[in-house]
Amino acid sequence: MKSGISAPKFSEGKSLVEGLAARQAAAALLGAVVDNHLGLDSLLESDTSPAAWRHLDNARDRALALAIVKSALRFRATIDAVIFSLLEHPLPVNARNVLHIIHVAVAQIMLLRVPESAAVNLAVEAVNRDPQAKRYANLVNAVLRRLIREGHAAFEVAKAKSVEAPDWLFEMLVDDYGDLSARDILRANRSEAPLDFTVKDNTTLWANKLSGIALNDTTVRVAHGQIPVPELEGFHDGAWWVQDAAAALPVKLFGDVKGLHILDMCAAPGGKTAQLAAAGARVTALDVSKNRMKRVAENMDRLNLTANLVVGDARKHTPDILYEGVLIDAPCTSTGTLRRHPDVAWTKTTDDVAQLLRIQFELLEAAMRLVKPGGIIVYANCSLLKAEGEILLKRWLATRNDVIVQPIDEQIDGSLLASYADTDGFLRTTALSFSHGDPAFAGMDGFFAARLRKTI
């Protein structure tokens, strides 16, 4: 597997510590994710991010650190198994930082094709510079040298057996999809996701301009590359916005929204708000985060689209008039986005699931209060867990006598939505949902969506 960034060259005569700061930052970020259950995106943007990351002032070093930590997270269980097989005795619990440094080195050697001697020397140097870890320098050197001699075959064996998820998540996925499918989904999430764009019009034109493929009449897909999104043609003209193909499906369940007043209850980062506005809806976009809503405003300005942007809690929202449609893109475990956010598997717990289920239930209740009789509610989230989708929705429906499911119907909704409909008429996608001859163009995020109609 290769990352979207090539590692810097390391040759004789260059300083031993060239690139050390990026490796130290990667190990610090890895520790913050797996030990403290902190999301990678929030770490990168927060003043409380590890000092080793904040002190990186070189864009290339930052890109390298991210490539390393994301690779280490995508293959965390595999790397863990390999390290365990190479250690004569497990490291003590107070040597977690040493373990993270070894993980970073294994990721470089096995996944990023960094020259082996460079990866080993930099790992040893990183340990030597940590007063609490330096006594493990000889052990780190020995383990990594053994990895170079013996580890390639061991890595492939471990990769074939491992699922890159904690036990609780794997067990829930097995309950939902069966053992084989759960393993296949998690293995698919080892691959870096392609980049999808929702375009305002002419997907064929933009597929050619962006050297991608048109997935349907609104989505263009390109292989993940090294060109920053703002530098791509069409960005500053507002011709498209980044949005996974699966994330673009729920809005389509509304059908024709031209002229309808639609509430987007959890609007940030704004892709679905933009979809609704581009389709002619009068959109009220609501989100509890002021900072995230600023990004929605910036994106809408760039796209030359309009919406009424409101900062607030949807559960407390009191409009002057009821809406003709409500979209709930509910907060969830985000387990459907593991290809893009491999930290998700290692930051969430079963306690998070329970808390999110309560919020999702409350948002459904709020939507019923906010939509007109006869109006449509689309409930969606980017979770793979049926507890947050099919199971939750059926539990909630059992408490109401004033709402019905409107199943996806190929005659009404078309073949695109019908291709992702389950036997209940709900929409369900996983990383296995879109196949393509070139793996760089395959897969999509895991998503659930259902269309409901308020009857009275």
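Author: Helices here are DSSP runs of H or I with at least four residues, strands are runs of E with at least two, and both are numbered from the N terminus. With these names, Glu88 is placed in the loop between α5 (76–86) and α6 (96–110). The model is a predicted one. Glu88 has a relative accessible area of 72%, and the cut-off for exposed is over 50%, so Glu88 counts as exposed. Along the chain Glu88 and Val143 are 55 residues apart, and their C-alpha atoms are separated by 9.4 Å.

Strand β5 spans residues 261–264 and is covered on both faces. His261 and Leu263 lie on one side, Ile262 and Asp264 on the other, and all of these residues are buried. One partner of β5 is strand β6 (residues 282–287), which runs parallel to β5 and is joined to it by four bridges. Within that pairing, Ile262 has Val283 of β6 as its bridge partner. The strands β5 and β6, together with helix α13 (residues 271–278), form a β-α-β unit that is right-handed. Strand β8 (residues 323–329) also pairs with β5 in the parallel sense, here over three bridges. Ile262 takes part in this pairing as well, with Gly325 as its bridge partner in β8. Ile262 therefore has a bridge partner in β6 and another in β8, while its side of the strand is buried; strands of a sheet pair through backbone hydrogen bonds, either parallel or antiparallel.

The antiparallel case is found in an open sheet of four strands, whose order is β2-β3-β1-β4. Its edge strands, β2 (213–214) and β4 (240–242), each pair on one side only. Strand β3 (residues 219–222) runs antiparallel to β2, and two bridges join them.

As for the rings, the structure holds five aromatic pairs. One of these brings Phe426 and Phe448 together: the ring centres are 5.5 Å apart and the planes stand at 70 degrees, so the pair is edge-to-face. Phe426 belongs to the loop between α18 (410–418) and β11 (427–429), whereas Phe448 belongs to strand β12 (residues 447–454), so the pair ties together parts that are 22 residues apart in sequence. Phe426 counts as buried at 3% relative accessibility, and Phe448 counts as buried at 0%. Elsewhere, ring pairs link Phe197, Phe235 and Trp240 into a cluster.

Two or more lining residues come from each of the elements α4 (59–74) and α15 (344–347). Sorted by class, the lining has six nonpolar residues, one polar residue and two charged residues.

How values were computed
Residues are numbered from 1 along each chain as its sequence is written. This is a predicted model: local features need pLDDT of at least 70, side-chain atom pairs count only at pLDDT 80 or more; totals for chains, interfaces and linings use all residues. Side-chain values use heavy atoms; hydrogens and water are left out. Ala, Val, Leu, Ile, Met, Phe, Trp, Tyr, Cys and Pro count as nonpolar, Asp, Glu, Lys and Arg as charged, and the others, Gly among them, as polar. Two strands pair if DSSP finds at least two bridges between them. Buried means under 20% relative accessible area, exposed over 50%, partly exposed in between (1.4 Å probe, protein chains only). A crossover is right-handed if, with the strands pointing away from the viewer, the path from the first strand over the helix to the second runs clockwise. Rings of Phe, Tyr and Trp (its six-membered ring) pair if their centres lie within 6.5 Å; planes under 30 degrees apart count as stacked, over 60 as edge-to-face and the rest as tilted.
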